[in-house]
Amino acid sequence: MTTIKSTHINTSSRGVNIVNARVIVTCPGRNFVTLKIETADGLTGVGDATLNGRELAVAAYLTEHVVPMLIGRDATRIEDIWQFLYKGAYWRRGPVTMTAIAAVDTALWDIKGKIAGLPVYQLLGGRSREGVTVYGHANAPDVESVLSEIASYVDLGYRAVRVQTGIPGLESTYGVGGDKMFYEPADAALPTENIWSTEHYLTHVPKMFAEVRAEFGPTLRLLHDVHHRLTPLEAARLGRSLEPYALTWMEDPVPAELQEGFRLIRQHTTTPIAVGEVFNSIWDCQELITSQLIDYIRTTVVHAGGITHLRRIFDLAALYHVRSGSHGATDLSPVCMAAALHVDIAIPNFGLQEYMRHTPETDEVFPHGYWFEGGYLHPSEEPGLGVDIDEEKAARYPYRPASLPVNRLQDGTMHSW
Ligand code: CS2
Ligand code: MG
């Protein structure tokens with residue numbers, strides 16, 4: 001029998017070996033968890049590990065269980081390290097594990113880009129387009145004020161806008177924040193409660209989109225996030241009522257644990273469907289993609305196993321005419337956004353990228369080279385991802401507990417948020 005020499009841990013002092021990895025938790029307005037990996041040669045790579053409302057679980061998973069296993073490994077062996085962390089954990093998948101794996105994977109791609117002297121998108125096959133089309137969030141308490149919100153996005157050059165308003169008869173709802181550009185749902189240490197009524201909602205949304213379309217004409221791309229609040233039949237009814245307004249997508253119409261549930265929606269409406277921000281792996285969307293039950297898959301780098309696994313999901317999607325629509329809310333750090341843009345610019349089946357702006361404090365803590373112009377984001381041309389964390393500035397913003405809200409029906413029953 002031949003013995004296979006173990007090369008996965010290099011005991012020699014090769015420059016590409018990982019010598020240090022640390023987790024940085026900071027709260028420049030909201031909490032972010034970042035992994036920074038360092039090689040013997042002094043190259044560093046960063047990965048986003050933020051899981052909104054459960055940040056410290058991922059921080060501990062990384063610090064206690066992953067970092068000790070990384071030391072001494074060859075940082076260039078991205079696929080092998082991914083498989084090691086996925087198969088080696090035994091407890092596969094799940095948001096905490098997959099976010100931790102994503103952070104390692106992202107940091108390793110960053111390092112590989114720096115070793116190659118190339119922006120990461122070049123390692124993924126190079127540009128497939130000139131810029132990444134993004135959508136912004138227009139949200140306001142009522143239809144009249146949302147029209148002026150949309151107009152300000154159009155003035156900034158956006159070609160696609162997600163539209164959410166308050167719902168007459170309900171005190172508060174998802175997606176309508178106090179601060180328009182920097183909407184943050186994790187607004188209190190312990191969960192606040194929203195009250196939900198499907199009846200009020202289904203009556204209001206088509207009327208809102210009728211006004212929006214009338215005001216902005218047929219070419220502005222419009223999107224809407226249902227935030228997992230309907231049953232398949234209710235979602236089918238909503239989709240059908242929105243058909244005259246030609247939405248680019250209706251997002252998360254139902255909770256997606258039951259992938260089969262989308263078949264019913266599909267049978268009744270041609271409004272395109274987007275889903276996936278809470279998915280962690282290809283297995284969460286396999287049925288949705290291969291049965292062509294969705295049009296856009298919204299997984300992104302930080303919660304779906306990093307660049308390596310996201311690419312795998314998007315490649316599967318490409319076979320079934322499903323395009324990408326990566327999640328890009330404020331709880332995904334600039335490190336995730338930088339990484340997402342390298343994927344977005346390279347893949348053949350890019351659809352749209354969500355872009356919620358970060359606060360100036362966050363941008364200062366995470367210096368980055370990506371930029372916005374005329375409705376497009378552009379990835380950095382620097383080697384690697386073109387993003388970093390300023391640890392001194394990060395230390396000025398200690399962690400603050402923050403929870404996402406919960407949702408109840410008017411009779412008090414817990415409902416999906
Ligand atoms: C949302 C998110 O951006 C979106 O589409 O659904 O704002 C989501 O609520 C947050 O990312 C949760 O952390
Ligand atoms: Mg969403």
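This is a predicted model: local features need pLDDT of at least 70, side-chain atom pairs count only at pLDDT 80 or more; totals for chains, interfaces and linings use all residues.

1. Burial classes come first: a residue is called buried under 20% relative accessible area, exposed over 50%, and partly exposed in between, with a 1.4 Å probe and protein chains only. By that scale Glu211 is partly exposed, because its relative accessibility is 43%. Residues are numbered from 1 along each chain as its sequence is written, chains are lettered from A and ligands numbered from 1 in the order in which they are written, and side-chain values use heavy atoms, with hydrogens and water left out.

2. On overall form, the chain of 417 residues has a radius of gyration of 21 Å, which agrees with the value near 22 Å that a compact globule would have; the radius is taken over C-alpha atoms, and the globule rule is 2.2 Å times the number of residues to the power 0.38. Along the principal axes, the C-alpha atoms fill a box of roughly 65 × 50 × 45 Å, and 56% of the 417 residues count as buried. The secondary structure comprises 13 helices and 16 strands, read as DSSP runs numbered from the N terminus (helices H or I with at least four residues, strands E with at least two).

3. Glu211, which is placed in helix H6 (residues 198-216), belongs to a negative surface patch together with Asp142, Glu144 and Glu215. Such a patch takes residues with over 30% relative accessible area and no salt bridge, like charges being joined within 9 Å.

4. The count of salt bridges comes to 20, each being a side-chain nitrogen of Lys or Arg within 4 Å of a carboxyl oxygen of Asp or Glu. In one of them Arg162 meets Asp225 at 3.0 Å, N to O; the pair links distant parts of the chain, Arg162 in strand S5 (residues 160-165) and Asp225 in strand S7 (residues 221-225), 63 residues apart. Both Arg162 and Asp225 are buried.

5. A further salt bridge joins Arg408 and Glu193, with the closest N and O atoms 3.1 Å apart. Because Arg408 lies in strand S15 (residues 406-409) and Glu193 in strand S6 (residues 193-196), the pair ties together parts 215 residues apart in sequence. Arg408 is partly exposed at 25% relative accessible area, and Glu193 is partly exposed at 46%.

6. Which residue forms a salt bridge with Glu364? The partner of Glu364 is Lys393, the closest N and O atoms being 4.0 Å apart, and the pair ties together helix H12 (residues 360-365) and helix H13 (residues 391-395). Glu364 is partly exposed at 42%, as is Lys393 at 23%. Elsewhere, salt bridges that share partners join Arg22, Lys36, Glu38, Asp388 and Glu391 into one network.

7. Two backbone angles deserve a look. Most residues other than glycine have a negative phi. Arg93, however, has a positive phi of about 65 degrees, in the loop between helix H2 (78-88) and helix H3 (95-116). Gln292 has a positive phi of about 55 degrees and lies in the loop between helix H9 (286-290) and strand S10 (296-297).

Technical notes: Patches are made of residues with over 30% relative accessible area and no salt bridge: like charges are joined within 9 Å, nonpolar side chains (Val, Leu, Ile, Met, Phe, Trp, Tyr) within 5 Å. Accessible areas come from the Shrake-Rupley method with a 1.4 Å probe; for residues, only the protein chains shown count as cover. Lys and Arg count as positive and Asp and Glu as negative; His and the chain ends are not counted. The place of a charge is taken as NZ of Lys, CZ of Arg, CG of Asp or CD of Glu.
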